[in-house]
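Some terms in a structural description rest on cut-offs.

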Amino acid sequence: MSRISKEISKTRNKFSLFSKLQKDRKLGPDFWTEAEEMLIQADVGVKTSRSLIVKLKEQAKEQKLASPQELTTCLKQNLKQILSSSGRELNTRGNPAVWIFVGVNGVGKTTSIGKLASWQYSLGVQVVMAAGDTFRAAASEQLEEWAQKCNSILIRGGEGADPSSVIFDAIEHAHSASIPLVLADTAGRLHTKTNLMDELSKIERVASKGSGTVAEILLTLDATTGQNGLEQAKKFAAAVDVTGIILTKLDGSSRGGIIFAIQEEIGIPVKYIGIGEQSQDLIQFDPDDFVEALFDFPLEN
Amino acid sequence: MFDTLTDRLGDIFGRLRSKGRLSESQINEVLDEVRMALLEADVNLQVAKDFQESVFSRCVETEIHKALNPAQQVIKSVNEELVSILGGEALAISFAEKPPTIVLLAGLQGVGKTTNAVKLARWFKSQGRNPLLVGADLQRPAAVEQLRTLAESIDVPVFSQESDPVTVVSQGIEKARKTGRDVVICDTAGRLTIDEEMMQEIRQISDAIEPHYTFLVVDAMTGQDAVNIAESFHNQLALDAMIITKLDGDARGGAALSAKSVVGKPIAFASIGENIEDFEQFHPDRLASRILGMGDVLTLIEKAEDAFDEEEAKRATQKLISGEFTLEDFLDQMQQLKKMGPLENIMGMMPDLPPGADPSDVDESRLVRMEAIITSMTVAERHSPVIIDGSRRSRIAKGSGTSVQEVSSLLKQFKEIKRMMKGSAKPRKKSKRKGANKRKKSKPSSRVKQKSHLETPDSGTTGEFDLSDFGTFSN
């Protein structure tokens with residue numbers, strides 16, 4: 001059993017769609033509705049769910065699939081295919097390589113940085129953290145605690161300092177000290193705030209002028225987020241060159257189904273997922289695991 | 001994504017307009033679209049289904065299919081139902097006889113508990129209270145630090161210490177008693193609903209302090225899981241109300257409806273921005289429109305209902321048909337239109353504007369000038385504009401701060417409207433009345449045409465979407 005499935009089976013053991021469909025020998029008329037509703041309940045979204053079901057119906061006709069099991073397998077394959085396209089490795093090119101973390105408020109940017117830093121630390125890679133969230137009260141204190149845990153250097157400005165310059169300084173520091181990786185935090189911002197999104201573009205611009213390479217801009221997305229996740233991804237991708245998604249809080253009972261729409265419409269892959277509170281609970285995304293876990297979704301009511 | 005419901009309903013309305021009556025399956029067709037919109041707004045699937053069912057039976061019971069403009073009536077019922085579910089009973093905060101009044105905040109990680117604890121403290125302060133904030137989130141690094149910094153900005157003291165959360169809150173309340181603080185707001189650690197241990201901990205906190213109010217903080221961006229979240233917290237804590245956060249984004253906030261349906265407790269506050277003062281008491285009607293994603297159409301329905309007195313509209317129509325329509329009536333109609341808000345907005349609200357019509361083309365100032373011109377006339381002039389000769393024109397122009405040309409053009413326009421109004425009365429029996437035979441064909445500008453519909457709400461001859469559709473609600 002994969003880790004993600006384990007986390008999810010920990011949640012609740014109500015009967016899943018999968019097991020329910022397996023029980024049915026024949027394909028009932030309810031199958032299509034149930035499959036669509038299962039997807040909707042996983043936050044896949046009405047539009048994407050419908051198109052998935054339409055496609056499945058076509059396949060059923062073409063390939064003469066008649067049993068619920070066959071169809072479920074086929075649906076899973078389709079879902080996996082959507083997510084399978086792109087690389088999950090985090091790019092470490094550059095001297096230093098710079099990873100900038102962006103996202104709306106409260107999704108877990110700072111925590112994800114802490115987890116990634118301690119993972120790198122365990123690999124023997126030294127990192128510099130940049131406290132680019134100069135807006136939220138005590139954000140750099142939060143990062144400071146992580147920095148101490150994994151023995152890394154934290155570069156911070158004063159409260160209300162220009163985040164671009166804090167991150168730039170961190171890059172220059174890493175460069176001169178030959179530290180290969182900079183993890184840059186930014187303040188959480190709602191994607192609808194134009195001025196804050198402009199600030200983000202500026203951060204990217206300024207960071208690119210430093211001695212290193214902006215290797216990743218990671219959009220941190222809360223798995224409990226519903227359909228608004230797509231808007232978030234669109235707006236952030238419009239402001240900066242988002243290279244991947246970190247899907248956090250998958251250890252709750254939410255499924256993060258919005259990533260299908262994001263992958264299909266914007267083509268941004270999920271690279272890492274957060275499945276727990278411990279520092280090792282940030283793991284590389286595996287589409288197969290993710291889709292299987294989706295089907296273990298407890299059916300309500 | 002945001003306009004889809006408005007668009008789709010526009011399509012349905014278009015098809016149904018000619019029919020006038022709705023069959024049950026047509027009601028369901030409209031409601032299917034509504035359910036889609038609810039799901040797209042992240043309303044929980046089961047909640048959306050139940051909602052659809054209850055609105056359907058309401059529509060059938062009230063024989064909505066026999067009403068005028070039934071499709072819009074369906075939408076109106078949907079909105080009313082939504083507002084009533086979201087609103088329900090408001091939370092009236094009463095204060096403990098023996099202070100302090102204790103408020104406990106709970107919620108998942110990252111929903112904004114700490115920020116909202118401070119926002120709430122500010123709100124209590126504005127109510128003339130002396131709050132104390134207690135930082136019992138000892139999990140997240142620097143959470144207490146964040147609380148202190150924010151609280152400092154609104155000059156509210158914070159109590160916290162390094163021990164366990166239960167001790168912190170108990171001591172905090174003790175401290176409030178000693179220092180004469182009459183409200184205590186306890187910030188707790190964010191937790192996962194499925195984390196038994198953490199849920200138990202907040203229950204212990206709750207048991208230890210027996211809060212007067214327990215608020216669940218809900219993120220407006222939450223998806224389908226909102227139901228489970230609210231349910232789990234409610235099972236543990238017996239919630240009193242909810243605070244919905246991040247409403248300043250563009251999430252449609254269906255989570256609020258889901259949570260409300262499960263918990264049945266009011267949404268007391270809404271957080272609408274990053275600053276401490278961006279916090280207000282909750283307005284269910286605003287969120288209802290937002291969840292439906294068709295706020296503008298609803299607003300328009302409501303505004304038209306508010307602004308247009310049906311009886312008055314009928315009187316005006318009668319007058320028009322009988323040729324008694326005066327500049328005074330014209331002024332009345334203009335003022336009614338203005339009551340609905342800026343013209344540009346009203347135009348923007350219309351689901352299907354004639355092609356090429358651009359709301360921003362509407363020149364509001366012209367309406368104001370027209371009004372000024374008419375009010376500068378004497379009563380006699382308003383009743384029989386024919387008496388307005390050259391010298392009267394220049395007096396009116398001076399009095400209204402306009403030019404003689406403008407006065408002339410208004411008079412010309414008025415004449416045209418009158419002529420056209422008689423024209424539109426043709427297909428009805430009433431057209432046999434005197435004056436109808438004087439009708440001449442005229443091709444009015446689209447703007448005049450629109451206005452003409454306003455004045456003949458029951459003319460029944462309109463092929464396009466027009467405001468008169470909204471002017472005839474029977475209730």
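Q: How do you know how far chain A can be trusted?
A: The model is predicted, and pLDDT is the predictor's confidence in each residue, from 0 to 100. Chain A averages a pLDDT of 88, and 89% of its residues score at least 70.

Q: Which residues of chain A have a pLDDT that stays under 50?
A: Residues 8-15 of chain A do, and the model has 18 contacts for them beyond four places in sequence. Where pLDDT is low, the predicted coordinates should not be read in detail.

Q: What makes β3 and β8 of chain A edge strands?
A: The open sheet of chain A has eight strands with mixed pairing, in the order β3-β2-β4-β1-β5-β6-β7-β8. β3 (153-156) and β8 (282-284) of chain A each have a single partner strand, so one side of each is left without a neighbour in the sheet. On average, neighbouring strands of this sheet are turned by 25 degrees against each other, direction ignored.

Q: How do you know that β6 and β7 of chain A pair?
A: Pairing requires at least two bridges found by DSSP. Three bridges join β6 (residues 244-248) of chain A to β7 (residues 270-274) of chain A, so the two count as paired. These strands run parallel, and Leu247(A) stands opposite Ile273(A) in β7(A).

Q: Why do β2 and β4 of chain B count as paired?
A: The requirement is at least two bridges, and six join β2 (residues 131-136) of chain B to β4 (residues 183-188) of chain B, so they pair. The two strands run parallel. Val134(B) stands opposite Cys186(B) in β4(B).

Q: What makes helix α7 of chain B a helix that packs on the sheet?
A: Contact means heavy atoms within 4.5 Å, and helix α7 (residues 165-179) of chain B touches β1 (101-106), β2, β3 and β4 of chain B. The direction of α7 makes about 165 degrees with that of β2(B). Helix α10 (residues 254-263) of chain B also packs on the sheet, touching β5 (213-219), β6 (241-245) and β7 (267-271) of chain B. The direction of α10 makes about 170 degrees with that of β6(B).

Q: In what order do the strands of that sheet in chain B stand, and which are at its edges?
A: The order is β3-β2-β4-β1-β5-β6-β7-β8 in an open sheet of mixed pairing. The edge strands are β3 (158-159) and β8 (279-281) of chain B, each pairing on one side only.

Q: Which residues touch the most other members of the largest nonpolar core?
A: Of its 82 residues, these are Leu86(B), Leu120(B), Leu133(B), Ile185(B) and Phe215(B). Beyond four places in sequence, the residues touched by Leu133(B) include Ala117(B), Leu147(B), Phe159(B) and Ile185(B). Another core, of 67 residues, lies apart from it, with Leu71(A), Ile203(A), Ala207(A) and Ile273(A) among its members.

Q: Why is a given share of each chain called buried?
A: A residue is called buried because its relative accessible area is under 20%. In chain A, 59% of the 301 residues count as buried; in chain B, 54% of the 475 residues do.

Q: What share of the accessible surface belongs to carbon and sulfur atoms?
A: In chain A the surface comes to about 11,700 Å², of which 49% belongs to these atoms. Chain B exposes about 20,500 Å², and carbon and sulfur atoms supply 46% of it.

Technical notes. Residues numbered from 1 in each chain as written. Chains lettered and ligands numbered in written order. Predicted model: local features only at pLDDT ≥ 70, side-chain atom pairs only at ≥ 80, totals over all residues. Heavy atoms only, no water. Buried < 20%, exposed > 50% of the residue type's maximum accessible area, 1.4 Å probe, protein only. Areas by Shrake-Rupley, 256 points an atom, 1.4 Å probe, with all protein chains shown as cover. Helix = DSSP H or I, 4+ residues; strand = E, 2+ residues; numbered from the N terminus. Axes fitted to C-alpha atoms, helices over the stretch in contact; angles between N-to-C directions. Core = buried A, V, L, I, M, F, W, Y, C linked by side-chain atoms within 4.5 Å.
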